[in-house]
Amino acid sequence: MFAAWEPTGAGVLRLPSGRLVRGRGLRRPLPAGPAPSFALYLLGHEPPPVAWEARWLRWPDFWLPSDRAAAADALREAWARADTERIEIACAGGQGRTGTALACLAVLDGVPNRDAVAYVREHYAPRAVETPWQRRFVSRFR
């Protein structure tokens, strides 16, 4: 049986479909509770190994993914898996890159591109999606 994230847990974003995805900053300790089943790490360098399945996207701080096609594939995978698994999206601080990725998941979940950043800022973190080019990335995400 699938055990989802606790909806009120730290960093958990509920998408309109009901899917729950946890965003977090890797500089902070791992939250208490169950581990993710799959994580997408958005960093400029390869992350240390973890005990769960993980995928790394090269994504320098304050910028955009180095390979946008690979990023779109990884985000689609995370969104699809969030229907039946505990998915974690994380960067170092948990705001810019993580917020951008979560906004893209919101687009995949049916939120219009023009509203996705506001959705994530309201339901995840007020400072999510930090730069103009990250906002533009969300506005053009398909």
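Me: Is the crossing of H2 and H3 left-handed or right-handed?
Reply: The crossing of H2 and H3 is right-handed. Left-handed would be the near helix turned anticlockwise from the far one by less than a right angle, and right-handed is clockwise. Helices here are DSSP runs of H or I with at least four residues, strands are E runs of at least two, and both are numbered from the N terminus.

Me: Before we go on, what kind of model is this?
Reply: This is a predicted model, where local features need pLDDT of at least 70, side-chain atom pairs count only at pLDDT 80 or more, and totals for chains, interfaces and linings use all residues. Residues are numbered from 1 along each chain as its sequence is written, and side-chain values use heavy atoms, leaving out hydrogens and water.

Me: OK, at what angle do H2 and H3 pack?
Reply: H2 (residues 96-108) and H3 (residues 113-123) pack at about 130 degrees, with axes 8 Å apart. The axes are lines fitted to C-alpha atoms, for helices over the stretch in contact, and angles run from 0 to 180 degrees between N-to-C directions. H2 and H3 are therefore oblique to each other. Under 35 degrees counts as roughly parallel, over 145 as roughly antiparallel, 65 to 115 as roughly perpendicular, and the rest as oblique.

Me: Which residues meet there?
Reply: From H2 you get Gly99, Leu102, Ala103, Ala106 and Val107, and they meet Asn113, Ala116, Val117, Tyr119 and Val120 in H3. Contact means heavy atoms within 4.5 Å.

Me: New topic: how many residues are in the largest nonpolar core?
Reply: There are 37, and Val21, Leu40, Leu42, Ile89, Leu102, Leu105 and Val120 touch the most other members. A nonpolar core is a set of buried Ala, Val, Leu, Ile, Met, Phe, Trp, Tyr and Cys residues joined through side-chain atoms within 4.5 Å. H2 gives the largest share of this core, seven residues.

Me: And where is Leu15 found?
Reply: Leu15 is in the loop between strand S1 (12-14) and strand S2 (20-25). Leu15 is buried, with a relative accessible area of 1%. Buried means under 20% relative accessible area, exposed over 50%, and partly exposed in between (1.4 Å probe, protein chains only).

Me: What is Leu15 in contact with?
Reply: Leaving aside neighbours within four places in sequence, Leu15 is in contact with Val21, Trp79, Leu105, Ala106, Asp109 and Tyr119. Leu15 and Val111 are 96 residues apart in sequence, but 8.8 Å apart in space, C-alpha to C-alpha.
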